[in-house]
Amino acid sequence: MTLALVVLSSPSLVHLAPVDMVIIAFYFALVLAIGAYLKGQANTGEDFFMAGREMTAWVAGLSFLSANLGALELMGWAGSAYQYGILATHWYWIGAIPAMLFLALVMMPFYYISKTHSVPGYLKLRFGEPARALSAISFAFMTVLMSGVNMFAMAKVMQIVLGWDINFSIWVSSLTVAVYVTLGGLRSAIFNEVLQFFLIWAGALLIPILGLYEAGGWTSLKLQIAQRASEQYVHMWAGLGSFTDNPMGIHWTGIVFGLGAIISMGYWTTDFLVVQRILAAKDMRSAELAPIIGAGFKMMVPLIVILPGLLGLGLLPMKLVPESVATVTHGYSYNDVLPLMLARYCGPGLLGLGITALIAGFMSGMAGNVSAFTTVWTYDIYRPLINSKGSDHHYVNMGRWTTVIGVLISVGTAYLVMRSASIMDYVQALFSFFIAPLFGTVVLGMLWKRATGPGGFWGLLCGTLSSIGMWAWVKVDPTALRYVALSPHAKALAQDMYQALWSFVVCVIVTVAVSLATKPKPDSELTGLVYGQTEIPPIENVPLYQKPIFWAGVVAAVFVVLNIIFW
Amino acid sequence: MAQRSVSIWFFIGLSLLVNGVLIFGAGLYELAHPPANPVVLFEVHAPIWWGGLLAILGAIYCYYFSPVRERARKAGTA
């Protein structure tokens, strides 16, 4: 059987020319070459797990963003833009920018000064071993499962778009990630993420440029969308005064308090997958600047994600439908909008680069999951709970083996999902359970010195259980949505927002109540961990335009202006 | 830790340069042999100018962050 027969398993949406295959093959060769080049520079724990803490602000910032810019993120949100209109942009602006700036200016000093290796590591310093064990085990477990779910979803996309065999996609991409992360550790993951960031932009930016040219500009596109769907599809805030006035069935309180204040804060400030990149920065100023650089670019991501979805809504001749309908009718689903736009404008060469952008997005997300899993397993589970007397060399070897094992568990999960697709929904829901309560625990730990170890542990546990409870309640009795999401019209995304909000509230109330009932830690044990007990070293004597606070102000101003423009 | 002589930005430049040259070449080929079923906006010849732009950007990165210049920078002679 030839390789072509093994690879191509079904009819495809687009057909690759030889030049496209060369571009994709060159990408794989380059990421492996980077891993091999960095192999000799990951011999100590600090090198392997923390990239030697020598990353510049630009490298850490772009990697921070790239680890989040997975292919499913690109395709999923382009599909959401087709389905819900410009409302999907909230997940990139209010759902990211305030949290990234908060991380940079408020939380990063504590992470950085405490010299922790991970977010669970910070919880150990602040609240003790039980809180660390709870967050580390839940994070490690969910990270490899999520990685497997994403792997399967990406292989499915490659099957639909390119006709590639699912087994081929799963094994080639996962083994490539395993090889370059095992060889070079976090440094290799970060360097490849920066490369992938450039490829994603180079491959995807042409779609909005050509799309706007075809549509006759933004104003003309808005008119076409209003005619084909509704005027509400091009307003970010104007339809959020009522649950029924917008395509998403959400109220502005859900967006501001659920998404902006809780979910995004939880994800961008406590999800170790992204925070790990910043912890690898070479100094405090770089660690503060990195999320701000990430925020600047994050504001531009809707150009390559949301705008193609809107262009599809305004320009594509066919009507896209939900996945469940597309499967029955053999039509195109919302999630196909990005590949369809790619196929619309990109001929040989450009198509290869566009597909490389999707593969790069997938691999950067997977490398992020694997490297974060490796660090948390080795430093927060294996070392404190299983073998605390190993040498540095022993832990590095454990890290390398864990990388391989983490990838294999992910592959196993991908095959599990292949047998039962409903597992994917459960895993994705489970992951969201931990984010909001974890933010409550970490932020109280950093800003309120009265918070105690038992308070942190029980707050995190009760917040997580309350989130699981609400989700199960709606599953068993769908009418419960009117209580959890405040409206029977709420869609799944709106339910997530309110679920996060309530679980955060539960976490905070329990943490405060238990803390007030238990003995506080002495001030001397809180130095470097809590606001008011920590002397933040001033940024060295640099001009104003090199200070994090200046660029945070610039990003915040642009954020406000953009929201007003697209109101 | 061992000193690196190849910057990450050089790898990025190399990637942009190679991809840019390949896309530019594919665009020129399409110009000479127009396809039977062209993509939408084929007439703007996006592969030629987009590929050219990527190649120029990549060449600048490759030159500025070349291993030779990197070594010289670390040695303090550049």
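In this predicted model, the buried residues of helix H15 of chain A are A:Ile306, A:Leu307, A:Pro308, A:Gly309, A:Leu310, A:Leu311, A:Gly312, A:Leu313 and A:Gly314. Helix H15 of chain A spans residues 306-315 and is mostly covered, with nine of its ten residues buried.

**Chain A as a whole**

Chain A contains 24 helices and zero strands. Its radius of gyration is 23 Å, close to the 24 Å given by the globule rule for 567 residues, so chain A is as compact as a globular protein of that length. Along the principal axes, the C-alpha atoms of chain A fill a box of roughly 65 × 55 × 55 Å. Of the 567 residues in chain A, 57% are buried. Among the contacts in chain A with a separation of 6 or more, 83% are accounted for by residues 24 or more positions apart.

**The packing of H4 and H14**

Two packed helices are described by the angle between their axes and the distance between the axes. Helix H4 (residues 57-66) and helix H14 (residues 284-298) of chain A pack at an angle of about 50°, and their axes are 7 Å apart. An angle between 35 and 65 degrees counts as oblique, and H4(A) and H14(A) are therefore oblique to each other. The crossing in which H4(A) passes H14(A) is right-handed.

On the side of H4(A), the contact is made by A:Ala57, A:Trp58, A:Ala60, A:Gly61, A:Phe64 and A:Leu65. H14(A) contributes A:Ser286, A:Leu289, A:Ala290, A:Pro291, A:Ile293, A:Gly294, A:Phe297 and A:Lys298. The residues of this contact between H4(A) and H14(A) divide into ten nonpolar, three polar and one charged.

**The side of chain A that touches chain B**

In the pairing of the two chains, 30 residues of chain A are in contact with 25 residues of chain B. Five helices of chain A, H2 (18-37), H9 (166-204), H10 (206-215), H17 (337-345) and H18 (350-386), each supply at least two residues of the side that touches chain B. The largest share of that side, seven residues, comes from H2(A).

The table sets out the residue classes of the two contact regions described above.

| H4(A) with H14(A) | ten residues | three residues | one residue |

Key:
Residues are numbered from 1 along each chain as its sequence is written. Chains are lettered from A and ligands numbered from 1 in the order in which they are written. This is a predicted model: local features need pLDDT of at least 70, side-chain atom pairs count only at pLDDT 80 or more; totals for chains, interfaces and linings use all residues. Helices (H or I, at least four residues) and strands (E, at least two) are DSSP runs, numbered from the N terminus. The radius of gyration is taken over C-alpha atoms; the globule rule is 2.2 Å times the number of residues to the power 0.38. A residue is buried if 20 or more other C-beta atoms lie within 10 Å of its own, exposed if 12 or fewer, and partly exposed in between; C-beta atoms are placed from the backbone. Two residues are in contact if their C-beta atoms, placed from the backbone, lie within 7 Å. Axes are lines fitted to C-alpha atoms, for helices over the stretch in contact, and angles run from 0 to 180 degrees between N-to-C directions. Angles under 35 degrees count as roughly parallel, over 145 as roughly antiparallel, 65 to 115 as roughly perpendicular and the rest as oblique. A crossing is left-handed if the near helix is turned anticlockwise from the far one by less than a right angle, and right-handed if clockwise. Ala, Val, Leu, Ile, Met, Phe, Trp, Tyr, Cys and Pro count as nonpolar, Asp, Glu, Lys and Arg as charged, and the others, Gly among them, as polar.
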